[in-house]
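Thanks, everyone. Please have a look at the model first.

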Amino acid sequence: MMKKTAATIFLLNSGSFLIRYGLVVILIWIGTLKFTQYEATGIRPLAENSPFFSWTFAFLSTMAFSSILGVIEITTGILIALRPFSPKLSAIGSFAAILTFLTTLTFIVSTPGVIQDGWTFPFISGSPGQFLIKDLVLLGAALWTAGEALEASHMQSRTRIDVKRALFKYSNNN
């Protein structure tokens, strides 16, 4: 097996940190913007053309819908950020992010104007096309943080079990 160089370790550690906490910043920042009128107005056309969300406007205002999304996104970001303290909560946040980005990616199919006027696939428009397609990378980041947090949670559980066994064994020997 090849030994990792200091540069490789630095790049892996930095990349892991930026994947997790970059995702956290994006979720909290965009979630916070959901409480503004301009963001609420901006997401309405995406949601009202979606079979998953169009029905919500029968009983929610645009601002209420956007605010609910904001709470979900901020909560998701905070949960992912808790990884050093609770890998299990971080994994839950990561799964919420996966669901968020999968849902957002469905807007590519349901929202008019994704393909640039006068063109065909693969020519996507700047907005909403390019705005939406970036969620593929965010989905990848959420998948990675979920896997990493689940692995850490399992390792943490095994360590607790090993400590309990050792304490039980020690107490029975004395």
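Rings of Phe, Tyr and Trp, the last by its six-membered ring, pair if their centres lie within 6.5 Å; planes under 30 degrees apart count as stacked, over 60 as edge-to-face and the rest as tilted. That rule gives six aromatic pairs here.

Before the details, this is a predicted model, where local features need pLDDT of at least 70 and side-chain atom pairs count only at pLDDT 80 or more, while totals for chains, interfaces and linings use all residues. Residues are numbered from 1 along each chain as its sequence is written, and side-chain values use heavy atoms, with hydrogens and water left out.

Take F53 and F65: the ring centres are 5.6 Å apart and the planes stand at 70°, so this pair is edge-to-face. F53 is in the loop between α2 (37-48) and α3 (62-81), and F65, 12 residues away, is in helix α3; helices are DSSP runs of H or I, at least four residues, numbered from the N terminus. Both F53 and F65 are buried, meaning under 20% relative accessible area with a 1.4 Å probe, protein chains only.

F53 also pairs with F107, at 6.1 Å between centres and 65° between planes, so that pair is edge-to-face. Because F107 lies in helix α4 (residues 87-110), the pair ties together parts that are 54 residues apart in sequence. F107 is buried, as F53 is. F53, F57, F65 and F107 make up one aromatic cluster.

Now the charges. A charge sits over a ring if NZ of Lys or CZ of Arg is within 6 Å of the ring centre and within 35 degrees of the ring normal. R44 lies over the face of F57, 4.0 Å from the ring centre. K134 has its charged end over the ring of F131, at 4.5 Å from the centre.

Key. Helix = DSSP H or I, 4+ residues; strand = E, 2+ residues; numbered from the N terminus. Buried < 20%, exposed > 50% of the residue type's maximum accessible area, 1.4 Å probe, protein only.
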